Amino acid sequence: MNKNRTNGRFESALRSGKFVVAAEISPPDSANPQDVLKAANILGPYADALNVTDGSGANCHISSVATCTILSNAGYEVIFQMSCRDRNRIAMQGELLGASALGLYNVLCITGDDVTTGDHPQAKRVFDMDSIQLIQTARIMRDDGIFLSGRKLSAKPTFFLGGADNPFVEPFEFRPYRLAKKIEAGAEFFQSQYCFDVGRLKSHMQKVCDLGLHEKSFILIGVGPLRSEKTAEFMRTKVPGVYIPDEIVERMRKTPSEKKREEGKKICAEIIQQIKEIKGVAGIHMMAYKQEESGAEILEMVGLTEKKKIE
Amino acid sequence: MSFFNRLRDHPYLLEVTYQVTEQVVNALQPLWRRMGYDRAEALFRTPEKIGKGAVFNCKMCGQCTLHYTGMTCPMSCPKNLRNGPCGGVRLGGYCEVDATMKCVWVEVFERSQKMKIYGDDIYQIQPPLNQQNMDRSAFMNIAFMKSAEIPEAWKTETGLSHEQK
Ligand code: SF4
């Protein structure tokens with residue numbers, strides 16, 4: 001494993017070996033910084049880092065880099081997400097430099113949901129680089145102090161680089177190798193898509209450990225509560241890459257409406273307990289969009305509520 | 001299933017053909033040099049477009065990566081991913097963007113497992129595409145080292161080390 005480059009709270013927490021909690025923040029549709037801070041209010045204090053999405057679901061929001069800056073100025077540790085969907089390599093390298101200059105050193109490089117899933121399906125999809133190429137580009141800038149073109153930077157950026165993992169969709173057998181490729185490119189941490197299928201996760205992690213990838217990177221598993229069988233149905237059909245087994249949807253359906261919220265939290269807590277036992281898992285990534293209270297309650301249920309924010 | 005679809009499921013046959021074609025193109029280097037890039041490229045472009053179009057649904061990116069990607073053209077992926085699948089693959093292995101189509105990378109992986117010569121090349125990291133090569137003959141780009149025009153800073157030796165495979 002590499003040395004601690006950023007000395008940031010997120011990287012240091014991971015390197016300390018404790019079970020880490022990252023929480024996802026959806027940037028609001030607003031130019032008011034107060035709205036950004038509001039979005040982080042509930043989960044912020046419990047998270048080792050707040051992960052700020054970059055136009056997730058291909059919907060327009062205030063930019064990830066601006067949201068990160070506002071949150072980081074307020075004392076939060078943030079992870080800046082950068083997707084390949086909307087920028088070419090010129091814009092991406094510029095923004096990477098900008099992020100580092102603003103003190104945003106945790107960068108999660110992702111491919112990005114397609115434009116057709118969002119509110120601007122007429123937009124041009126860019127994908128000038130893919131996520132692996134983006135990770136390697138950021139690593140080259142950091143380690144060699146040059147742009148892709150070879151032109152020299154007068155000051156090298158600082159990055160702790162991450163990538164996405166989705167063990168729950170095909171081609172299953174290739175997924176661990178995709179992690180290996182990302183590590184080769186420079187990724188040191190991973191955040192996965194929502195886990196609702198612990199069995200699948202176990203076989204994925206088994207292969208990841210066989211390849212020794214858990215010793216070269218920190219792997220956080222995505223979790224989040226379901227509100228009802230309807231949200232489950234929506235997520236598994238409309239949100240790219242989310243797999244929810246029938247048993248879980250059935251369990252939600254059988255629960256009386258007034259208890260559905262509780263049941264959704266219980267399912268999530270059970271999954272977290274199981275994830276904690278899996279070899280190679282470094283922590284969780286809580287995604288509780290518009291149900292931040294539930295997210296915080298779940299963390300309480302599984303005993304992960306140590307306060308983390310330093311002012 | 002059409003003839004070409006069936007052919008695509010015999011990647012071993014295709015990789016041999018690819019290897020032979022590449023060797024022939026390389027052996028004829030002096031001839032291409034005498035013709036010059038413009039004329040040689042113009043000569044190759046159309047046959048290549050028709051041939052590779054029929055067999056691989058080739059999109060003429062001009063920087064052929066077929067043997068790295070299970071003899072399957074990754075440019076049919078709506079996100080043009082050249083290093084592996086996105087995280088949005090649908091249940092049953094269908095594409096996030098076009099639910100009627102199998103994810104290109106599900107096919108790439110399956111086929112790469114049946115290949116004997118270049119099968120392991122799927123583990124190599126592919127550099128960002130040189131957009132200037134678009135719509136040109138990939139074979140001539142190789143012959144004239146145009147496909148070597150990858151970003152300066154890119155290190156070609158990256159890829160999985162052997163014990164990881
Ligand atoms: S599902 Fe497969 S083919 Fe479709 S965009 Fe993702 S990687 Fe490309």
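User: What pattern does chain B follow, read along the sequence?

Analyst: Chain B reads α-α-α-α-α-α, with six helices and zero strands in its secondary structure. Helices here are DSSP runs of H or I with at least four residues, strands are runs of E with at least two, and both are numbered from the N terminus. Please keep in mind that this is a predicted model, where local features need pLDDT of at least 70, side-chain atom pairs count only at pLDDT 80 or more, and totals for chains, interfaces and linings use all residues. Residues are numbered from 1 along each chain, chains are lettered from A and ligands numbered from 1 as written, and side-chain values use heavy atoms, without hydrogens and water.

User: What makes α10(A) oblique to α11(A)?

Analyst: Helix α10 (residues 260–276) and helix α11 (residues 292–301) of chain A pack at about 45°, with axes 9 Å apart. The pair is therefore oblique: angles under 35 degrees count as roughly parallel, over 145 as roughly antiparallel, 65 to 115 as roughly perpendicular and the rest as oblique. Axes are lines fitted to C-alpha atoms over the stretch in contact, and angles run from 0 to 180 degrees between N-to-C directions.

User: Which residues of α11(A) make the contact?

Analyst: They are A:Ser294, A:Glu297, A:Ile298 and A:Met301, where contact means heavy atoms within 4.5 Å.

User: How many residues of each class are in the shell around the ligand?

Analyst: The shell has ten nonpolar, no polar and two charged residues. Ala, Val, Leu, Ile, Met, Phe, Trp, Tyr, Cys and Pro count as nonpolar, Asp, Glu, Lys and Arg as charged, and the others, Gly among them, as polar. Around the ligand are residues including B:Lys79, B:Glu96 and B:Trp105, each with a heavy atom within 4 Å of the ligand.

User: What is the phi of A:Phe127?

Analyst: A:Phe127 has a positive phi of about 45° although it is not a glycine. Most residues other than glycine have a negative phi.
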